[in-house]
Amino acid sequence: MPDLQPLLAAFVPIWVLTAIGYLVSRTGVLGEQAEQVLVKFVFLVAMPAQLFTVVGRTPLGAFANASMLAFAAGTVAASALGLAAGRWLFGRRSADQAINSMAAGYVNSGNLGIPVAVQVLGDASLIAPVLLFQVLLVTPLVLAALDAGTGGERRPAALARRALLLPLRNPIILGAGLGALCSATAWHPPAALGRSFELLGNAAVPTALITLGMSLHGRSAASSTALRAETGVTVAIKTLVQPLAALAFGALVLHLPEHQLLAVVLLSALPTAQNVFTYAKQYGLGTALARESVLGSTLLSMVTLSGITWLLSTSGH
């Protein structure tokens, strides 16, 4: 059996910060508007700084490798199934369908993917292509769908104009885009300025986890049958379908070497990122599915990540 200590070391901070967020909300020490203010801080300030720093330091060449085709195949399959379930099984409107899709296929590549890559796979660079794929391709598509679905305007010309101006109105896309530009041109901000962005970006993940925990306070103890069913479908797609699709494509189509196959399947099995909750909250959508999917997939992935590590490691011997 695999050593669970590396996985525990990666998961414990997530659980602790989420629990702290719950206690902060329960005690009311930050006031009634704290959750909404912190979500805006993450979305408008800290996360753009983090993406600018991370993408700016990542060579864009890391994006082009065979493993990413397998990861992309798993992401597309899971996201499409999540969207289809939201639309046809649960009757979600278009903006909410984007959240369904993201909850089913958007992995926690930052605060969980990096320690898993380091401690389980032994190579932090393996997470870089996943970060680039999600930040530069998946996130803009999802945010464009959210923007169009909540903008109130349905005329094609107006939708096209909103889409073109989205990078200027959305700090997440702007930060990632500027980071990609810095990476492509090999330009980096002066050390003092770069360190300032890094410090600001370091606040994104812990603050997002705090707000996730705060959202747990006051939720109904007995969620509706429909929400439980929707969460169950979404978590199953995220933790089972996505890694299985990546495994099938990587093994049967690309014939990836054993270590690459383990890496791509393990990273595909990472749980839903807390960013999904942040985006749903920021766009004024229902956050119940996003919150429950993050929590459920994070708890379940402790088992699935361990199982994948054991199965694919032993199969190669």
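The model is predicted: local features need pLDDT of at least 70, side-chain atom pairs count only at pLDDT 80 or more, and totals for chains, interfaces and linings use all residues. Residues are numbered from 1 along each chain as its sequence is written, and side-chain values use heavy atoms, with hydrogens and water left out. The protein has 14 helices and 0 strands, where helices (H or I, at least four residues) and strands (E, at least two) are DSSP runs numbered from the N terminus.

**Overall architecture**

- From the N terminus on, the order of elements is α-α-α-α-α-α-α-α-α-α-α-α-α-α.
- Of the 317 residues in the protein, 48% are buried; buried means under 20% relative accessible area, exposed over 50%, and partly exposed in between, with a 1.4 Å probe and protein chains only.
- Among contacts (heavy atoms within 4.5 Å) between residues at least 6 apart in sequence, 85% join residues at least 24 apart.

**Annotated transmembrane regions**

- An unreviewed UniProt entry places the feature "transmembrane region" at residues 6–25, 37–56, 68–90, 102–120, 126–146 and 167–187. UniProt positions follow the numbering used here, feature names are shortened, and annotations may be inferred rather than shown by experiment.
- Residues 37–56 are 100% helix and 0% strand, with 27 Å between the end C-alpha atoms.
- Residues 126–146 are 90% helix and 0% strand, and the C-alpha atoms at the ends of this span are 30 Å apart.

**Largest pocket**

- The volume of the largest pocket is about 420 Å³. On a 1 Å grid over the protein atoms alone, a pocket is an open set of points where a 1.4 Å probe fits, with protein on both sides within 12 Å along at least five of seven lines; lining residues have an atom within 4 Å of a point.
- The lining comprises 27 residues, of which Gln50, Val54, Ser109, Gly110 and Leu131 are the closest to the pocket centre.
- Helix 2 (34–56), helix 6 (128–150), helix 10 (204–216) and helix 13 (275–282) each contribute at least two lining residues. The largest share, 5 residues, belongs to helix 6.
- The lining holds 16 nonpolar, 11 polar and no charged residues. In this classification Ala, Val, Leu, Ile, Met, Phe, Trp, Tyr, Cys and Pro are nonpolar, Asp, Glu, Lys and Arg are charged, and the others, Gly among them, are polar.

**Largest nonpolar core**

- A nonpolar core is a set of buried Ala, Val, Leu, Ile, Met, Phe, Trp, Tyr and Cys residues joined through side-chain atoms within 4.5 Å. The largest such core has 68 residues, and Leu143, Leu146, Leu270 and Tyr279 touch the most other members.
- Helix 6 gives the most to this core, namely 9 residues.
- Beyond its neighbours within four places in sequence, Leu270 contacts Val107, Asn108, Ser109, Leu112, Gly113, Val116, Ile127, Lys238 and Leu305.

**Buried helix positions**

- Gly74 belongs to helix 3 (residues 66–89) and counts as buried because its relative accessibility is 0%. Its C-alpha atom is separated by 4.7 Å from that of Gln242, 168 residues away along the chain. Apart from neighbours within four places in sequence, Gly74 contacts Gln242, Ala245 and Ala246.
- Leu121 belongs to helix 5 (residues 113–121) and is buried, at 8% relative accessibility. Leu121 and Leu262 are 141 residues apart in sequence, yet their C-alpha atoms are 8.4 Å apart.
- Glu35, in helix 2, is buried with a relative accessible area of 16%. Excluding residues up to four places away in sequence, Glu35 touches Thr211, Met214, Ser215, Phe277 and Lys281.

**Partly exposed and exposed positions**

- Leu178 lies in helix 8 (residues 171–185) and counts as partly exposed because its relative accessibility is 39%.
- Most residues other than glycine have a negative phi. Ala186, in the loop between helix 8 and helix 9 (191–201), has a positive phi near 60 degrees and is exposed at 60% relative accessibility.
- His255 also has a positive phi, about 50 degrees, although it is not a glycine. His255 lies in the loop between helix 11 (225–253) and helix 12 (258–268) and is exposed, with a relative accessibility of 59%.

How values were computed:
Points joined across faces, edges and corners; volume = space filled by probe spheres on them.
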